[in-house]
Amino acid sequence: MALMTGEQYVESIRKIKMEVYMFGKKVENPVDDPILRPSLNSVKMTYDLAQMPEYQDLMTAVSPYTGKRVNRFTHIHQSTEDLMNKVKMQRLCGQKTAACFQRCVGMDAFNAEFSTTYEIDKKYGTKYHENFKNFMTYCQENDLTVDGAMTDTKGDRSLAPHAQADPDLFLHVVERRPDGVVVRGAKAHQTGILNSHEVIVMPTISMGPDDKDYAISFAVPLDTKGLFMIVGRQSCDTRKREGSEMDVGNSTFGGVEALTVFDNVFVPNDRIFLNGETEFAGMLVERFAGYHRQSYGGCKVGVGDVLIGAAAVAADYNGAAKASHVKDKLIEMTHLNETLFCCGIACSAMGTPTESGNYIIDLLLANVCKQNVTRFPYEIVRLAEDIAGGLMVTAPSEADFRDPKLGPVIDKYLRGVASVSTENRLRILRLIENLSLGTAAVGYRTESMHGAGSPQAQRIMIARQGNLAHKKELAKAIAHIKE
Ligand SMILES: Cc1cc2nc3c(=O)[nH]c(=O)nc-3n(C[C@H](O)[C@H](O)[C@H](O)COP(=O)(O)OP(=O)(O)OC[C@H]3O[C@@H](n4cnc5c(N)ncnc54)[C@H](O)[C@@H]3O)c2cc1C
């Protein structure tokens, strides 16, 4: 089964007995929970689109490791074209869900692990690359969704992992056994973990010799003993329980994060990809972050397309579409959104092969891409709110709209242009609210800021990769300076 249908995917997740908690209670059936289901639907879309002939080139690729057509989310990039197709695929998925579709974290972890394990083995004669390739082909053959767990809870940010007051604030090895290791710790903000079959765990930061037990990377299935998730709250999340499709704004799709706890989890030797080689922790982090910063030049652009469209529809319904400043604001939103896409494509086009043979993005351009993503979606949201008008946050509920007494009043007074129903006007405003302030704002705004690393993390990489010395030489040559 190299490609699952969306339905097969949902049923495969249903079979996994995960330990999930939300609002202080154990969730017995996460798949059908109204708060969690929209997030599963977003991942399902990555399976549905892969079944459609018109999207086959973007959504799938032939794996050189299995010889079969696999979902691109499990693919190891073989060329710059693969890297560009990845970004285009992510834009498509963003357009179809208007939410975080979650599956890129695993794809980015795959590609970072592939090259890093190769280089560790070359230096130490370890078997991590073989372990990883076995795991990766298993995921390709079964079309699995894999979560990428990097971010530790980190405690005091000024202290190294081994120096924390509580040693568990970074995930670490607590026991070494002949058949594997036992780990303890927690990963914060795990996107899509509830919708994944497997999780790849990686270190969060570069490490020194004292952090040996913290330099650990591995993969385990989601029903592993000792692994459990506490779902993160989102603004307006309980609207999904109220049964009002209109009030939610985007009732079909969403994204959910969870605090993921590893309470003495056993990891067998053949699932370990890094174990104590501290100097490679930084390489793994840098490569994963680079791929993930490229990703944002696709996924956020797709969601941006929906938001720009929603703002334009709101302008139509308000009767303001012909105003020159509204047209100009829509141009500005498009300009910002396409600039992000340019960055995603550029860092892909400038990609190069690694020693292991897979392709990596241009790291400088990928970091520039993500740095822009920490800013432009905020400006796009600002302009969308401007065009939408205040009703996007003051409109009465659907229950009032359906009420025999209040409904006609709302219908009369909240109409925009006469030819458009009040209901349609309210629907588009709720979508803008969802993307800018509601559940999807987690994925479109704050994830743009912190996902794949906070802005300063990119600036550090830009400083490292920017080659200022070369630029100084250029200036001195032009100015005929001889030192
Ligand atoms: C919606 C969302 C989804 C995410 N999904 C995932 C996921 O699927 N997998 C995953 O692994 N991670 C995920 N992340 C985590 C993301 O990578 C982190 O949020 C990010 O790296 C910032 O870490 P933090 O949240 O702990 O913030 P902090 O590290 O606390 O950062 C807060 C501020 O403090 C600054 N700061 C932190 N440490 C230092 C320091 N030592 N010196 C100076 N300044 C410092 C930062 O620059 C920032 O300005 C997600 C995050 C979000 C918001």
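A backbone N or O atom of His450 lies 3.4 Å from an oxygen atom of the ligand. That is a polar contact, meaning a pair of N or O atoms within 3.5 Å. Taken alone, the ligand exposes 960 Å², and the protein buries 66% of that. These areas come from the Shrake-Rupley method with a 1.4 Å probe.

The model is predicted: local features need pLDDT of at least 70, side-chain atom pairs count only at pLDDT 80 or more, and totals for chains, interfaces and linings use all residues. Residues are numbered from 1 along each chain as its sequence is written, and side-chain values use heavy atoms, with hydrogens and water left out.

**Around the ligand**

In total, 19 residues surround the ligand, each with a heavy atom within 4 Å of it. The closest are Met150, Thr151, Arg157, His189 and Thr191.

What classes of residue make up the shell around the ligand? There are 5 nonpolar, 10 polar and 4 charged residues. Asp, Glu, Lys and Arg count as charged; Gly is among the polar ones. Strands β5 (146-149) and β7 (180-191) and helix α16 (439-450) each supply at least two shell residues. Helix α16 gives the most, with 4. Helices here are DSSP runs of H or I with at least four residues, and strands are runs of E with at least two.

**Salt bridges**

Side chains of opposite charge can pair when their charged atoms come close. The structure holds 33 salt bridges. Each one is a side-chain nitrogen of Lys or Arg within 4 Å of a carboxyl oxygen of Asp or Glu. Three of them are listed here.

| Pair | N to O distance |
|---|---|
| Asp32 – Arg14 | 2.6 Å |
| Asp247 – Arg430 | 3.9 Å |
| Glu398 – Arg402 | 3.0 Å |

Asp247 sits in helix α7 (245-248) and Arg430 in helix α15 (422-436), so this pair links distant parts of the chain, 183 residues apart. Both Asp247 and Arg430 are buried, that is, under 20% relative accessible area; exposed means over 50%, and partly exposed is in between (1.4 Å probe, protein chains only).

Asp32 is partly exposed at 38%. Arg14 is also partly exposed, at 30%.

Glu398 and Arg402 share helix α13 (398-402), 4 residues apart, about one turn. Glu398 is buried at 12%, whereas Arg402 is partly exposed at 44%.

Notes
A polar contact is a pair of N or O atoms within 3.5 Å; within protein, one must be able to donate a hydrogen and the other to accept it, and residues adjacent in sequence count only if both atoms are side-chain atoms.
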